[in-house]
There are 2 protein chains.
Amino acid sequence: MDQKQLIAERIRNVDLRSRVTTPEEAALLVKDGYTVGMSGFTGVGYPKAFPLALAARAEAGDRVGITLITGASVGDELDGALSRAGVIKRRYPYQSNADLRNRINAGEIKYVDLHLSQVALWIRQGILGKIDLAVVEASSIDEAGNIIPTASVGVADAVVACADKVVVEISSAIPKEIEGLHDVYSSEPAPNTKPIPITSPGDRIGTTYIPCDPDKIAAIIFSDRIDGNAELKPADETMQQIAEHLIAFLESEVEAGRLTDPLPPLQSGVGGVANAVLSCLAKSDFTDLTVYTEVMQDAVLDLIEAGKVKVASATSLTISPSRKKAVFDRIGDFKDKIVLRPQEISNSPEVIRRLSLIAMNTAIEADLSGNVNSTHIGGVRMMNGIGGSGDFARNAGLTIFTTASTAKGGKLSCIVPVVSHVDHTEHDVDVIITEQGVADLRGLTAFERAELIIDNCAHPDFRGELRASLERAKSRVPMGHGLIAE
Amino acid sequence: MDQKQLIAERIRNVDLRSRVTTPEEAALLVKDGYTVGMSGFTGVGYPKAFPLALAARAEAGDRVGITLITGASVGDELDGALSRAGVIKRRYPYQSNADLRNRINAGEIKYVDLHLSQVALWIRQGILGKIDLAVVEASSIDEAGNIIPTASVGVADAVVACADKVVVEISSAIPKEIEGLHDVYSSEPAPNTKPIPITSPGDRIGTTYIPCDPDKIAAIIFSDRIDGNAELKPADETMQQIAEHLIAFLESEVEAGRLTDPLPPLQSGVGGVANAVLSCLAKSDFTDLTVYTEVMQDAVLDLIEAGKVKVASATSLTISPSRKKAVFDRIGDFKDKIVLRPQEISNSPEVIRRLSLIAMNTAIEADLSGNVNSTHIGGVRMMNGIGGSGDFARNAGLTIFTTASTAKGGKLSCIVPVVSHVDHTEHDVDVIITEQGVADLRGLTAFERAELIIDNCAHPDFRGELRASLERAKSRVPMGHGLIAE
């Protein structure tokens with residue numbers, strides 16, 4: 001398809017067609033000191049040509065430093081290129097790019113990780129400052145000038161609503177047939193707020209587009225770059241064992257009458273364990289599953305195709321590169337099975353508590369009291385950020401954290417006396433699962449929790465040490481609250 | 001009024017009148033090993049004659065140990081008497097009684113503090129085991145056998161719904177005219193849950209009574225004991241300064257357009273600072289205030305009477321003893337101004353986020369990263385428990401923690417490099433306020449937060465030490481995430 005055909009197909013508002021320009025021209029809209037809000041969540045749906053042009057501009061000697069706000073992590077064309085070019089000065093609310101991470105940990109870029117449900121609210125309230133420019137990836141622009149997103153929504157709707165100027169980067173790599181997959185909804189601000197009317201993960205409550213006043217669209221550019229998210233590695237034996245323990249635990253909870261069958265909607269974090277758990281569910285006896293999560297990975301699609309999952313809701317559809325073409329070639333078929341929402345809704349405490357989700361997220365390390373570190377290696381080196389785990393862990397009906405019992409080839413225990421950074425307190429962690437087994441911590445005192453975690457979750461090589469640590473704590477603090485410290 | 005008149009007045013269901021018995025007889029319903037769920041929240045609305053009789057039974061040599069679940073803290077007739085008599089073996093979800101606390105900290109009683117919004121859900125799901133007996137304080141029983149609560153609701157509705165047997169302790173110290181103040185509502189369990197239809201703190205969505213099948217009522221007893229909550233101390237100079245800083249901060253947020261005027265509904269914790277803040281609001285220019293909180297203390301009534309607060313919602317009406325009579329003598333007058341709800345609703349993450357509450361709670365200590373310790377003195381000695389602070393802090397629109405900058409007559413800094421126990425992580429703490437000033441931490445990196453907390457909140461006597469600690473951290477960890485530790 002030539003450029004003219006593409007414009008005709010993807011920009012249905014005729015007046016807006018004249019605003020098509022080059023990424024280089026569009027990148028000139030950014031002024032030094034701007035706060036720029038962009039689309040993108042977990043490596044998909046972020047602008048690509050725009051940040052590459054902006055990075056080139058900076059590398060050519062233009063002084064341009066920005067505060068960058070996205071939904072969550074984005075690809076290397078954005079976080080990588082702009083951090084290498086020295087453009088990103090301050091970054092919210094999440095990242096997972098190696099070059100950006102290194103600069104954050106070197107103190108060169110100011111980074112603050114935020115609960116993801118909160119980001120759009122803070123943008124709208126002005127807590128993160130005025131949004132000078134919004135840059136969003138789109139599949140199309142409709143007749144009225146509204147923006148049809150691509151593989152994620154994130155905070156795109158909030159930045160478009162709050163910015164005076166909007167750059168739309170239309171991705172020809174995403175078929176226009178994705179239109180209809182999204183459900184964009186935002187609560188009226190207080191005091192006029194109404195309940196978010198979702199009572200089931202598949203409920204559609206909003207529009208299939210991001211509302212946008214066409215006068216705000218300052219530039220439209222095109223890109224054919226594919227989202228840069230990584231291939232999911234196949235589950236290793238440890239992941240497989242964690243997944244099997246988790247499913248056996250859910251089965252036993254149904255048996256005991258503490259969980260319903262069909263299960264409440266599932267939320268699962270990003271990565272291999274999350275994918276392994278869902279893959280494993282395909283082989284279980286559970287049926288009529290639903291998913292209400294941040295990020296849909298490959299396994300959710302498999303479960304949908306296998307008829308195990310009826311419907312799935314997320315803010316991001318992060319499919320492995322090897323499967324992308326097959327999925328997007330028939331993306332229209334998924335419209336009654338998949339809903340992509342703003343992260344304000346996918347991670348809404350209101351909906352999470354109402355639906356009594358089963359929240360499954362990964363820990364870097366967990367301690368004997370039940371506290372979880374999700375963000376900091378050794379307590380000081382930022383890994384990615386808290387992401388949505390706090391929205392789900394605090395408000396879900398059942399909160400599970402998983403981790404391998406050891407790291408670094410078995411040299412380090414991921415079960416420690418005291419975590420080096422607390423992201424999820426003992427009050428938020430219901431169940432810990434490693435490849436060793438399951439510790440259901442609900443209703444247990446600190447010492448009871450510690451015993452169970454050592455017995456069921458710690459690697460046998462480290463149980464002796466951990467038990468000695470617990471015994472020392474007991475000799476000092478009879479009741480066992482607080483830190484079970486050395 | 002003699003007993004016969006009292007029975008006629010307070011037990012409107014004629015058939016149930018025959019179930020009136022003595023506390024001693026009723027206490028025999030408890031068997032060793034029972035899990036007993038009781039009413040009571042922040043020192044009001046808990047059974048009194050029943051636990052005193054149960055304690056006497058144990059002291060006379062009967063072996064009877066129980067797991068005790070209430071809404072939150074209760075008076076000495078319950079937590080004190082039953083812990084001294086050795087009856088309480090395990091305790092959920094909150095307490096503030098000295099004798100109970102000492103036994104918890106001595107390792108004699110197993111105690112687990114829980115997020116208060118979660119307790120009723122866990123009771124209904126059976127996470128805390130079967131409720132063998134419910135004991136609830138009531139003002140009356142209606143024609144159908146339903147129970148009219150007294151000064152709190154807490155988890156009374158949940159324990160009545162889940163227990164096979166119910167003991168009702170009718171308090172003649174609470175006038176029957178309290179009927180109509182309560183609004184008892186519980187969501188249908190998933191998958192049939194609907195939105196909680198509260199869009200304004202005064203909305204009434206349920207019944208004025210706790211629904212109860214009269215066949216479950218195993219005994220009815222009477223008591224004229226007054227709730228044992230303590231007198232609120234008058235605000236000292238430190239509290240007054242904290243309150244003034246807080247109100248000046250709210251004014252500046254309105255000025256900056258980040259808060260609306262009228263303000264969003266207010267939540268405030270329990271105690272002197274909370275009361276001082278509300279008292280101070282009476283003198284401010286704010287009008288048309290609303291309150292959506294756990295516990296209404298004296299100042300809320302003053303604000304209602306002064307016309308500053310239009311309506312207040314809570315799960316507990318905890319009025320100082322010296323004011324109780326005046327308030328309860330005309331409790332009927334407050335029915336359009338006060339709503340008492342189950343704590344599942346007063347602390348609902350759904351409603352908290354929807355109403356974008358201003359959450360104001362107290363810290364034992366706060367650290368330079370912005371983490372807050374609300375529960376453990378020195379990291380190991382349990383004070384009271386996390387209570388509802390986690391429900392509000394994570395989900396509110398604006399989360400403020402207050403503390404005096406020093407404790408122990410100025411000898412200890414309440415601003416520390418690293419808190420000894422994390423209850424609220426850096427991600428949940430928006431603003432810290434001491435008598436020294438205000439640190440608005442939103443959007444700031446760990447090092448930026450630390451600088452601001454030292455400059456604005458720490459006592460001048462400790463700023464040098466804290467700054468040295470921060471400098472050492474900076475020399476080790478350029479980006480300043482994680483623990484700013486020694």
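This is a predicted model: local features need pLDDT of at least 70, side-chain atom pairs count only at pLDDT 80 or more; totals for chains, interfaces and linings use all residues.
Reader: What makes the meeting of the side chains of A:D183 and A:R341 a salt bridge?

Author: A salt bridge needs a side-chain nitrogen of Lys or Arg within 4 Å of a carboxyl oxygen of Asp or Glu. For A:D183 and A:R341 the N to O distance is 3.2 Å, so the pair meets the rule. Residues are numbered from 1 along each chain as its sequence is written; chains are lettered from A and ligands numbered from 1 in the order in which they are written.

Reader: How do you know where domain 1 and domain 2 of chain A are?

Author: Domain bounds come from an automatic or database domain assignment, which gives 3-223 for domain 1 and 237-476 for domain 2 of chain A. The contact (heavy atoms within 4.5 Å) takes 51 residues from domain 1 of chain A and 46 residues from domain 2 of chain A.

Reader: How much area do domain 1 and domain 2 of chain A bury between them?

Author: About 3,800 Å², with 58% of it on carbon and sulfur atoms. Buried area is the accessible area (1.4 Å probe) that two parts lose on being put together, summed over both, so this one figure covers both domains. The rule also finds two salt bridges across this interface of chain A.

Reader: Why is B:D298 called buried?

Author: Buried means under 20% relative accessible area, exposed over 50%, and partly exposed in between (1.4 Å probe, protein chains only). B:D298 has 7% relative accessibility, so it counts as buried. Leaving aside residues up to four places away in sequence, B:D298 touches several residues, including B:L232, B:N275 and B:R323.

Reader: And what makes strand 17 and strand 18 of chain A a pair?

Author: Helices (H or I, at least four residues) and strands (E, at least two) are DSSP runs, numbered from the N terminus. Two strands pair if DSSP finds at least two bridges between them. Strand 17 (residues 365-367) and strand 18 of chain A have two bridges, in the antiparallel sense, so they qualify. Here A:E365 stands opposite A:N373 of strand 18.

How values were computed:
Side-chain values use heavy atoms; hydrogens and water are left out.
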